[in-house]
Amino acid sequence: MESPSSSPYAGQKRKIADMSSDEEEEEDYRPTMGFRGFARASSRSESPPSHGGLGSARRNPRNNTAQPAMKGGGNNANKGMSGGNSFAARMMAKMGYVEGQGLGSSGQGIVNPIEAQARPTGAGLGAVREKTKQAREEEKRAAALRGESVEDSSDEERKRRRKKKEERKREGWSGTGTPVARAKPQFRTAREMEKDMEGLEVPNVLKSLIDATGKDQKVLTSTAGLMTPQTFVTQGEGEAWKIAQRARNDLEAFADEWKGLTERKKYIELEEAQVVEQLDTNQLKADQLSELVTAIGQLEIFQKEDTRAKFDEITDKLESMEIKYRNEIDEYRLPEMAVAALHPLFRQAMEEWEPLKDPTFLVSNLRRLQPLLLRKANTEHTQRQSTSPYETMIYTLWLPRVRSALLNDWDVYEPAPATSLIVAWKELLPSFVYTNVLDQLVVPKLTNGLKDWKPRSSSRRHHTSSTNNSRLPWWLFTWLQYLDERHTNPKQPTGLLSDAKRKFRVVLDSWDLNKGLINGIELWRDALGSEFDTCLRNHLLPRLGRHLREDFEVNPQDQDLTALENVLKWKDFFKPNVMGLLLVAEFFPKWHNILYIWLTNDPNYEEVAEWFTWWRTQIPADINDLTIVDDEWNKGLQTMDLASQLGDRAAAELPPPSSTTTATTTNPTDKPTAAAPTTTAEQPRKPKIIEEVAFKDILESWCMEQGLIMLPLREAHPQNGQPLFRITASATGKGGVVAFVQGDVVWVQNKKAKEIWEPMGLEDQLVEKAEGR
């Protein structure tokens, strides 16, 4: 009989086992019992030989000579590559290679040559490791250069096996798979079972069992002895032991059954109590539903025929029903029932209702039913519908009637009926219906009314009432408290107040200053806020200055204060320093000029002093307290003092005021005369520029009202140098007329003779020319 080593497969098995490159993995794969692997040769190389295992020499005689040849060739190759004087070494040294480092410019390549890994004859993929130890080391070295770590599949598999082994040890299993010993069963005596099972009667014969297995009979207090195997002397003793064992088993079965029946009885009693309680609750709900059905049936019975009386009657019934069934509103869906009961009457009432004449119609009834109709349903577990029944009723019945009244019957210049309607129904309307009324009904009519309101005109084309012709759109201000920020913020590019602000500019540009303050100017200030001051500064202040400059004269003999009083009426709407600057620029130059004329023509100084004191009392005290105004009064006193010192020479030597344009006599010893040229040089008088800019703004606003476009041409008039504009009605900016602004007049170019410019005001003729008619 051959030994195991002489088997034809022994060499192959040995070679496969020897090809493992890891001792630890070889131990993991070792069977737990019945087999022990071969020991590894210490001199064997890491990679296996290229030919078969033991005994293969008999099958292939050439193996004995091929293997040494391969070994010798490999050694020569390694020696040739590692030799310092070899051709390959010299060539690689020239290219920068250093022995012991990796290939490449930064040493990132491999260090050792690629090693081939051969599989044994007949071994398929997976039988051995495809990567050699040298290849794995190269991968780890390259990963370390990149700052990474690499774990090959063998390392991961080894960790998993170790983890499983530790888990098996923790669970108490041995290495051979021996299970843990089971716990021994415990038995109860008859008395213990009788004690545990209340109500169970154990026969007396089972309470004391006789042990007749020995020579002496004795009473057993435990059944432990019955479970041990016994040897009986006689057949009767064996039968007695069998009877006792059977009785014991029956008793335990009866005890377990008794316990189950007892627990079942308790459960059935508890279940019975719950069923009885549920039946009582269902009976109460059935009685309650019967009463509710009866109450709902009473909703269709009315004592009167009038629609309003019917509505009052059904309101009383629904209100009492809401109080009685308040806790069951959501359960019985009473809001839907209430809307179904109100719907026919509400439709009939809406057909007879005139919203603008009776805005509070049915409001009191719906407010009483508000807890029922506007109740918010619990939407935590159920998705809310798009609209509730009440919202649908308001949207389909109430909104069309109100839309018809507001569009056809409401006069936008009489806001009281519409505002009363909105105030009365605001709390009862769904939010989207309320927004719909304001945005789609009220705001468009207010926009059209504001567009038709022309402050420049004294009469209106389609409206003849004095309310429509007023210069205050108070009907617009009434609605501001109900609108959103888009329409109530004057800084917005669009909206009602943005349009009203442009109209207010036109009012300021065209207001007759002799009439005093604009009617309702306080309302404008409250509505426009900070934009109010901006409008006054840009549009009214230049006109006040021009009014003082053109319409006011200082005349000691017959003084007319009308123009000055017209200006001072506006002082509460400007800061005191603004009014002070206005007086310094327009009033005091005229006053100083008259003082100079008086002092140079044989004056009576007592009259001059009285005149000075009188004028100072005409200016409000808060303006007189300003430094710039007080300096002007002091300047007049200095002029009077200098004239009294000069005496008869005042006519020739008294210097004129610094603001006059006439030539003055300089006197280096006199401080007022020396300061005169400097003050004259610092006087920036540009009334014409302010006038042109103001009128240009007026022209732009007028073009916007008329639907015209005013485009700058980036050209100037050849004679006067004024910038040219094109006024046209075309959206493309073509056509129309070419014009320039000079003073308060628009000069339009003649289309046939372009060198001719015709003056034209803001009238219909300019609109016709701009439209090409």
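Two strands are said to pair if DSSP finds at least two bridges between them, and this idea is needed for the views below, which are taken from a predicted model.

**View 1. Five paired strands form an open sheet.** The strands of this sheet follow the order β3-β4-β5-β6-β7, and their pairing is antiparallel. At the edges stand β3 (709-716) and β7 (757-760), each of which pairs on one side only. Neighbouring strands of the sheet are turned against each other by 35 degrees on average, with direction ignored.

View 2. Strand β6 (residues 745-749) and β7 run antiparallel and are joined by four bridges.

**View 3. Helix α24 bends at Leu540.** The bend at Leu540 is about 40 degrees, and a proline, Pro542, follows within four residues. Helix α24 (residues 530-551) has 22 residues, which at 1.5 Å a residue should span 32 Å, and its end C-alpha atoms are 30 Å apart, so the two values agree.

View 4. The 20 residues of helix α30 (residues 627-646) should span 28 Å at 1.5 Å a residue, which agrees with the 28 Å between its end C-alpha atoms. The buried residues of α30 are Val629, Glu632, Trp633, Gly636, Thr639, Met640, Leu642, Ala643 and Leu646. After α30 comes Gly647, whose phi is positive, near 65 degrees.

View 5. Most residues other than glycine have a negative phi. Leu362, however, has a positive phi near 65 degrees although it is a residue other than glycine, and it lies in the loop between α13 (334-352) and α14 (363-368). Asp602, which is not a glycine either, has a positive phi of about 45 degrees and lies in the loop between α27 (588-599) and α28 (605-618). Leu362 is buried, because its relative accessible area is 0%, whereas Asp602 counts as exposed because its relative accessibility is 75%.

**View 6. Tyr325 is buried in a loop between two helices.** The loop that holds Tyr325 runs between α11 (307-324) and α12 (329-332), and Tyr325 is buried there, with a relative accessible area of 3%. Leaving aside residues up to four places away in sequence, Tyr325 touches Gln288, Glu291, Leu292 and Leu334. From Tyr325 to Gln288 there are 37 residues in sequence, while the C-alpha to C-alpha separation in space is 9.1 Å.

**View 7. Leu450 is a buried residue of helix α18.** Leu450 is found in helix α18 (residues 431-452) and counts as buried because its relative accessibility is 2%, which is under the limit of 20%. Among the residues that Leu450 touches, not counting those up to four places away in sequence, are Trp475, Leu476 and Leu496. Leu450 and Tyr413 are 37 residues apart in sequence, and their C-alpha atoms are 9.7 Å apart in space.

**View 8. The side chain of Ser86 lies beside a backbone nitrogen.** Ser86 is found in the loop between α4 (63-82) and α5 (87-94), where Ser86 counts as buried because its relative accessibility is 18%. A polar atom of the side chain of Ser86 lies 3.2 Å from the backbone nitrogen of Ala89.

Methods:
Residues numbered from 1 in each chain as written. Predicted model: local features only at pLDDT ≥ 70, side-chain atom pairs only at ≥ 80, totals over all residues. Heavy atoms only, no water. Axes fitted to C-alpha atoms, helices over the stretch in contact; angles between N-to-C directions. Buried < 20%, exposed > 50% of the residue type's maximum accessible area, 1.4 Å probe, protein only. Polar contact = N/O pair within 3.5 Å; in protein donor to acceptor, adjacent residues only side chain to side chain. Expected span 1.5 Å × (residues − 1). Bend = angle between axes of the 7 residues up to and from the residue. Contact = heavy atoms within 4.5 Å.
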